Amino acid sequence: MQPKIIKVSDFSDKQLFCVDCGCEFTWSSPEQASSKAKDLTPRRSAANHAAIFRRLSLVLDDRPSAGQAVHQDGGKNG
């Protein structure tokens, strides 16, 4: 079975609206072509998408690592 060839020329830029802020953003033809194989459609503008990952990384950075488990008495092990 031959894999289906997805061409960028099969797509045209689309205007979408961000679910977070409501701003309009462009989903380009190359982005659509690469997302087609994964069956994804963006819901957030690039700025809001990046902001979510920044907040997530801050939360994950504040967690103690496995070698630095915090005991109930407040002392650190490791």
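In this predicted model, Ser-45 is buried, with a relative accessible area of 6%; buried means under 20% relative accessible area, exposed over 50%, and partly exposed in between (1.4 Å probe, protein chains only). Residues are numbered from 1 along each chain as its sequence is written. Because the model is predicted, local features need pLDDT of at least 70 and side-chain atom pairs count only at pLDDT 80 or more, while totals for chains, interfaces and linings use all residues; side-chain values use heavy atoms, with hydrogens and water left out.

**Surroundings of Ser-45**

Ser-45 lies in the loop between helix H1 (29–36) and H2. Neighbours within four places in sequence set aside, Ser-45 is in contact (heavy atoms within 4.5 Å) with Cys-18, Cys-21, Cys-23 and Phe-25. Of Ser-45 and Phe-25, the C-alpha atoms are 6.0 Å apart in space, although the two residues are 20 residues apart in sequence.

**The largest pocket**

Both Ser-45 and Phe-25 belong to the lining of the largest pocket, together with Thr-26, Trp-27, Glu-31, Thr-41, Pro-42, Arg-43, Arg-44, Ala-46 and His-49. The elements giving two or more residues to this lining are strand S2 (24–27) and helix H2 (46–62). S2 gives the most, with three residues. A pocket is defined on a 1 Å grid over the protein atoms alone, as an open set of points where a 1.4 Å probe fits, with protein on both sides within 12 Å along at least five of seven lines; lining residues have an atom within 4 Å of a point. The volume of the largest pocket is about 250 Å³, a volume being the space filled by probe spheres set on the points. The lining divides by residue class as follows.

| Class in the lining | Residues |
|---|---|
| Nonpolar (Ala, Val, Leu, Ile, Met, Phe, Trp, Tyr, Cys, Pro) | four residues |
| Polar (the others, Gly among them) | four residues |

**Overall architecture**

The secondary structure comes to two helices and two strands, in the order β-β-α-α from the N terminus on. Helices (H or I, at least four residues) and strands (E, at least two) are DSSP runs, numbered from the N terminus. In H1, the buried residues are Ser-29, Gln-32, Ala-33 and Ser-35, and the buried residues of H1 pack against strand S1 (14–17) and S2.

Across the protein, buried residues make up 15% of the 78 residues. Of the contacts with a separation of 6 or more, 29% are between residues 24 or more positions apart.
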